[in-house]
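Biologist: Before I look at individual residues, could you take me through this model from the whole chain down to single helices, and give the cut-offs behind each term as you go?

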Amino acid sequence: MSINVPSNQQSVGTSASPSGTSLHDRFRAARRKNSLSDIRQPKILHPLDNEGLKLLILENISQDAVAAFRAQGWYVDHYTKAFSEDELVEKIGQYHAIGIRSKTKITQRVLEAASKLLVIGCFCIGTNQVDLNAAARAGIPVFNSPFSNSRSVAELVMSELIALSRQLFERSFEMRNGLWNKQSKGCWEIRGKTLGIVGYGHIGSQLSVLAEAFGMKVLFHDVVNIMPLGSARQVESLSALLSQSDFVTLHVPEIPETINMISRDQLAQMKKGSYLINNARGKVVDIPELINALKSKHLAGAAMDVFPAEPGANGDPFDDQLNPWASALCALPNVILTPHIGGSTEEAQKMIGEEVAQALSRYLGYGSTIGAVNFPEVDLRAIPADQGGSIRICHVHRNQPGVLKQVNEALSPYNVEKQYTDSKGAIAYLMADISDISFKDLPHLRDRIVSTDANIITRLLT
């Protein structure tokens with residue numbers, strides 16, 4: 001396993017002569033030429049306990065991520081489907097890490113059965129499928145990929161804007177059933193229309209730029225003041241956005257404040273003949289009320305990529321047993337329903353696989369928690385490969401007085417080269433690199449740290 005180490009800075013000459021490569025290509029080539037052979041390589045660390053790490057990867061996560069884990073010598077069980085809570089409880093006890101997407105739920109009951117689990121990787125944006133507080137209390141950091149599928153989701157929204165405004169799904173369905181029905185009534189260009197974006201984060205801001213390129217006016221609402229891109233304008237309230245927008249698209253997390261944030265009152269505030277798009281989380285829209293707004297013709301259409309309850313695997317039914325309103329929603333005209341495919345592009349899945357796989361590898365191999373959503377973010381520079389007799393201590397503990405004193409007393413006979421600690425809520429995390437320590441001293445050192453009353457998980461990497 002390796003980590004990226006910045007190369008020594010070199011001046012890069014450029015030529016005014018035309019060539020087949022760009023400046024960026026030549027810069028990358030120069031960095032490759034300036035190899036890492038002349039600087040100190042990071043030392044590859046391994047757990048003191050000589051037990052091979054086992055990973056459980058679910059929900060058809062990128063094969064590149066699976067290959068990256070196996071290349072490091074880790075044992076990987078890879079399944080294309082989600083696991084139920086009972087399946088996880090039965091099997092999770094043998095694994096040190098798990099990778100999931102949005103359908104597998106890591107509950108407190110699952111975590112209680114996960115006696116060896118060290119880390120959780122969510123190969124997606126959201127983490128609401130994991131009990132983050134319970135994971136933190138168990139000493140388990142959770143990593144996700146907050147940026148990698150942003151472009152894919154933004155592009156899906158753009159396609160839905162046009163498909164809704166031109167009634168493309170209705171015309172396509174009619175043609176497939178042998179009906180020629182050419183018409184322009186109720187079909188519109190999106191140029192000159194107003195797009196209201198609820199949540200101006202990574203997806204919302206990218207979407208803003210794309211929509212303006214199509215000639216749309218962009219409004220957005222967010223809980224914090226954000227500098228807009230282009231000519232977009234932030235409005236002071238959700239109500240103001242709803243009343244002015246021809247299209248409303250949602251890009252918010254599922255938290256208590258956003259559940260059913262679009263319900264009867266909010267739908268009534270939307271312009272007659274407008275459209276609603278939800279590619280965020282299934283519970284942020286009150287779907288029975290949306291059905292009523294569509295049946296009454298107050299809304300001209302909707303696109304939904306996420307739902308409160310979703311099938312566990314491809315081929316499973318999307319019906320009234322899963323969601324009691326499913327058949328009513330499916331029967332409505334000019335409603336686009338897709339199976340949570342916002343981030344389902346080859347590009348997005350490859351980037352998500354790389355990003356989360358690297359985060360899990362950094363934690364398992366080096367102890368770094370940079371990017372963890374439920375954990376203190378702690379990191380240390382790498383131990384040089386040529387430095388023998390060094391170990392790294394990764395100590396997760398309850399955030400209470402006296403812990404550092406106890407740990408430092410245990411470390412006092414040795415040379416502490418570097419140490420860093422931070423806390424988040426009730427959990428604290430300490431990393432320390434110790435040099436010139438005998439291998440026979442390691443079990444005693446570990447036992448001293450583990451025996452402290454605040455200990456949750458302690459790992460020694462050597």
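Biologist: How many helices and strands does the protein chain have?
Modeller: This is a predicted model, in which local features need pLDDT of at least 70, side-chain atom pairs count only at pLDDT 80 or more, and totals for chains, interfaces and linings use all residues. Residues are numbered from 1 along each chain as its sequence is written, and side-chain values use heavy atoms, with hydrogens and water left out. Helices (H or I, at least four residues) and strands (E, at least two) are DSSP runs, numbered from the N terminus. On that basis the protein chain has 15 helices and 16 strands.

Biologist: What percentage of the 462 residues in the protein chain is buried?
Modeller: A residue is buried when its relative accessible area is under 20%, exposed when over 50%, and partly exposed in between, using a 1.4 Å probe and protein chains only. For the 462 residues of the protein chain, the buried share is 47%.

Biologist: Which residues of helix α2 (residues 63-71) are buried, and why do they lie on the same side of α2?
Modeller: The buried residues of α2 are Ala-65, Val-66 and Phe-69. They share a side of α2 because they cover an arc of only 100° around the axis, the arc being that of the directions from the helix axis to the C-beta atoms. In general, an α-helix has 3.6 residues a turn, so residues three or four places apart point the same way.

Biologist: Against which elements do the buried residues of α2 pack?
Modeller: Packing here rests on contact, meaning heavy atoms within 4.5 Å. By that criterion, the partners of the buried α2 residues are β1 (54-57), β2 (75-78) and α13 (346-366).

Biologist: Are α14 and α15 roughly parallel or roughly antiparallel to each other?
Modeller: Axes are lines fitted to C-alpha atoms, for helices over the stretch in contact, and angles run from 0 to 180 degrees between N-to-C directions. Angles under 35 degrees count as roughly parallel, over 145 as roughly antiparallel, 65 to 115 as roughly perpendicular and the rest as oblique. The axes of α14 and α15 are 9 Å apart and the helices pack at an angle of about 170°. The two helices are therefore roughly antiparallel.

Biologist: Which residues of α15 meet α14?
Modeller: On the α14 side, the contact involves Glu-409, Ala-410 and Leu-411. The residues they meet in α15 are Leu-445, Arg-448 and Ile-449.

Biologist: Which residues of helix α15 (residues 442-450) are buried?
Modeller: The buried residues of α15 pack against β13 (391-398), α14 (403-411) and β16 (455-461). These residues are Leu-442, Leu-445 and Ile-449.

Biologist: Is Asn-334 buried or exposed?
Modeller: Asn-334 lies in the loop between α12 (326-330) and β12 (335-337), and its phi is near 50°, a positive value in a residue other than glycine. Its relative accessibility is 6%, so Asn-334 counts as buried.

Biologist: What is the relative accessible area of His-340?
Modeller: His-340 is placed in the loop between β12 and α13, and has a positive phi of about 55° although it is not a glycine. His-340 is partly exposed, with a relative accessible area of 22%.
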